[in-house]
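Trainee: I have a model open and would like to learn how to read it. Could we go through some features one by one?
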Amino acid sequence: MASPHKRLLVTAALPYANGYLHLGHMAGAYLPADLYVRYHRLKGKDVLFLCGSDEHGVAITVTGEQEGLTPQQVIDRYHPANEEAFRKFGMSFDHYSRTSIPLHHETTREFFRNFSDRSLLKEKREKQLFCEKDNMFLADRYVEGTCPKCGYDQARGDQCENCGSWLNQVELIKPKCKLCGTTPVVRETTHLYFPLGQFQRRLEKYVKERNKRDGWKENVLRYCESWFKAGLEDRAVTRDLKWGVPVPVSGFENKVIYVWFDAVLGYITAGKEWAARQGKKEAWKDYWQGTETKYVAFIGKDNVVFHCIVFPAMLMGWNDGEEEQYVLPENVPANEFLNFEGQKFSKSRGWGIDLRDFLDHFPADYLRYALAVTLPESRDSDFYLKDFQARVNNELADILGNFVNRTLAFTQRSFGGVVPPRRKIEALDREILEILSTAPSNVGNLFENYRLRDGVTEAMNLARAANKYFNDSEPWKTAKSDMDRCGTTIHIALQLVRSLAILFEPVTPQISRTIWKMLNLKEPIGPGFWDTAAKPGLDEGHTLNPPEILVSKIEDKQIDKILQSAGVERSLTPATTGIKPTISLEDFKKIDLRVAKVVEAEKIPKSSKLLRLKVEVGGEVRQIVAGIAQQYEPSWMVGKLLVVVANLQPVTLMGNESRGMLLAANADDGKLSIVTILDDLPPGTAVR
RNA sequence: GGCGGGGUAGCUCAGUCGGUUAGAGCGUCGGAAUCAUAAUCCGUAGGUCGGGGGUUCGAAUCCCUCCCCCGCUACCA
């Protein structure tokens, strides 16, 4: 489907500057975006490709506190590292920006002020608990106290679990900060809200229309639907924090703009910064404003709500009141997640592999190809290193690399490295030329419909067909009998090499460049080259450079080595890191551990994890609720000797009082194992 | 427990929203070939489409139910 748009604006999700990029990120958003962009550039489209680091938000502050750094120091570590990893991976951003720069603060404040001036933002005054020690307002889950209705002493800020009544956190009697245990004070705070709900009907129409025009992905439509179904609500756009963009409205000087609001605007900032560096300050408007632009936002599935709902609503909000009209995303192709060796990437568990580490071991193109053919386009997919090895060896090296090599080596030996003339065309020649003539549009159509994985596979199919052509034509035989025939075969094979270099440029740009060099072509692969891949493009008599190995194979031991650095082995054993700070003996003595014998056990109805146990401790039988139902059968538990914390403050879980807690080892993956004792000592025996 | 998503060949995944003998790549096995990175090409085998019901002339596809996995969440004191 030919696009009527003159310009293409592409963004890839702004990575959060609170950690290193890993392979899951690349498969989710960045590689798809880069494939799409590189393809369109070769088609001759006018493309602007933007990205940048998302550097605000409370998580960065928390990381800083944990490591004794300022937020600025945190982002100054991850922003350059991620930018560099992107560069090595071959991301072809026109500009990579960051949200901590003054220009971005200005962009954000401009939107904010605009909304505020036009009374789009609603002010809501509320009383909230403020912890003077932690110097912050407490979210509901960070505060507990006595329920004013039933007197239960561990009610949360929003609801009492004992009597089930809904509470306002300031109603709590004797509230306590869950972080530090001190008593917070009531302070009045005012926040501004963005009326997302007002936009719901327009957003639904917007998604429907764009889907009709550009074919949105099913998973994305499903996520949108569930948000619409739940109903959109006002969202707070201000927060009582220090780290972020200061609110530009009087009375709110001590607050910052909520990170969800400023992050998506980072795309616009990136456009402005790009334009400024081009020395054409207004050039960004050609892409961001006006009807001639098609805007495509590549993201991972966790970001759907911000790009399909929040960001469009913000742009609608702006467009309603201004002459300058921002372009809304025409499509938001979100991928699902990539697993690593069968398990979810997890920073906290140390599972997975960072992009920069991977690129220390292998060329980016190997990774790009392997990821491209297993992109999680319609559901989560798995990345296995042994698959990676197989893809590179059996496909990239053996099919593509070997075809290029055999063709160039043959030319070198039999024709002195000069493109032989094409003589009489026979059936085999006609067949492959026919295949060649449709290959660019076949691959291109798949790319344009966001079926990147199929597109790359289709490109590899041309290499397969090329090998078949070479085999069937048997130039090594005709070289002895019919040099004209042999020359014609090699002439066509060389044309195929050239076309393959072009069709593979979006996936493996470095490999394509190497082929180009071997073909001794002066003008680099560039805008408009895509369609020329359908036809022969090498002149007879042209002299080639000597061939070199294009893709070298991956050895087993290279895979083993990276498996170790990936933390695979580490993660299979229980973590020993993350030990808490040293405590004194007095502290430890406060804990009264006792042997307890299970006398009764049953599942708590409607609960999936909780077991209600009656245990004997000393002379007493008490009830304990434990979250072990997924691994232990109630009947099996009866008679077991456990170790329990006997002097723990009681709590009520799903209406069941729990007086004490049993000890169990908790693995990060959710597996657990109860603690018991080796010999049969009487219940109530102290453990220390 | 609730909401959402999955369960298709040994592995990784498609399957155009009911229509002929369920597909691809890799792996397996056999063959051809020997120009090439022992690479290539051809062919073969392999699936009761998680289980069970139902609707239909016809179901991987629609409905019901059950089992298992993943995510979010409730409750892992």
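This is a predicted model: local features need pLDDT of at least 70, side-chain atom pairs count only at pLDDT 80 or more; totals for chains, interfaces and linings use all residues.

Trainee: How many residues does α13 have, and how far does the helix reach?

Mentor: Compare the span with the expected one. α13 runs over residues 427-448, which is 22 residues. From first C-alpha to last, α13 reaches 32 Å, close to the 32 Å expected at 1.5 Å a residue.

Trainee: Where in α13 does the kink lie?

Mentor: Look at T438. A kink of about 35 degrees lies there, shortly before the proline P440.

Trainee: Which residues of α17 are buried?

Mentor: Helix α17 covers residues 509-518, and I511, S512, T514, I515 and W516 in it are buried. The cover over them includes α11 (364-372), α12 (385-415) and α16.

Trainee: Now pairs of helices. At what angle do the axes of α4 and α9 cross?

Mentor: For a pair, read the distance, the angle, the hand and the contacts. Helix α4 (residues 102-117) and helix α9 (residues 304-321) have axes that come within 10 Å and cross at roughly 60 degrees. That angle makes α4 oblique to α9. The crossing is left-handed. For the contacts, F111, N114 and F115 in α4 meet M314, G317, W318 and G321 in α9.

Trainee: Is the crossing of α6 and α9 left-handed or right-handed?

Mentor: Right-handed. Helix α6 (residues 218-230) packs on α9 at an angle of about 60 degrees, and the axes are 10 Å apart. V220, Y223, C224 and W227 in α6 meet V304, V305, C308 and I309 in α9.

Trainee: Why do α2 and α3 count as roughly perpendicular?

Mentor: Check the angle. Helix α2 (residues 58-67) and helix α3 (residues 71-89) pack at about 100 degrees, with axes 8 Å apart. Angles of 65 to 115 degrees count as roughly perpendicular, so α2 and α3 are roughly perpendicular to each other. The contact is made by I60, T61, T63 and G64 of α2 with P71, Q73, V74 and I75 of α3.

Trainee: Let me try a loop. Where is S607 found?

Mentor: S607 is in the loop between β19 (593-603) and β20 (611-617). S607 has 16 C-beta neighbours inside 10 Å, so S607 counts as partly exposed. Leaving out residues up to four places away in sequence, S607 touches A629 and M654.

Trainee: How far apart are S607 and P475?

Mentor: They are 132 residues apart in sequence and 72 Å apart in space, C-alpha to C-alpha.

Trainee: Last, the whole chain. How many helices and strands does chain A have?

Mentor: Chain A has 22 helices and 28 strands. Its C-alpha atoms fill a box of roughly 105 × 70 × 40 Å along the principal axes. Of the 688 residues of chain A, 41% count as buried.

Key. Residues are numbered from 1 along each chain as its sequence is written. Chains are lettered from A and ligands numbered from 1 in the order in which they are written. Helices (H or I, at least four residues) and strands (E, at least two) are DSSP runs, numbered from the N terminus. The expected span of a helix is 1.5 Å times one less than its number of residues. The bend at a residue is the angle between axes fitted to the seven residues ending there and the seven starting there. A residue is buried if 20 or more other C-beta atoms lie within 10 Å of its own, exposed if 12 or fewer, and partly exposed in between; C-beta atoms are placed from the backbone. Axes are lines fitted to C-alpha atoms, for helices over the stretch in contact, and angles run from 0 to 180 degrees between N-to-C directions. Angles under 35 degrees count as roughly parallel, over 145 as roughly antiparallel, 65 to 115 as roughly perpendicular and the rest as oblique. A crossing is left-handed if the near helix is turned anticlockwise from the far one by less than a right angle, and right-handed if clockwise. Two residues are in contact if their C-beta atoms, placed from the backbone, lie within 7 Å.
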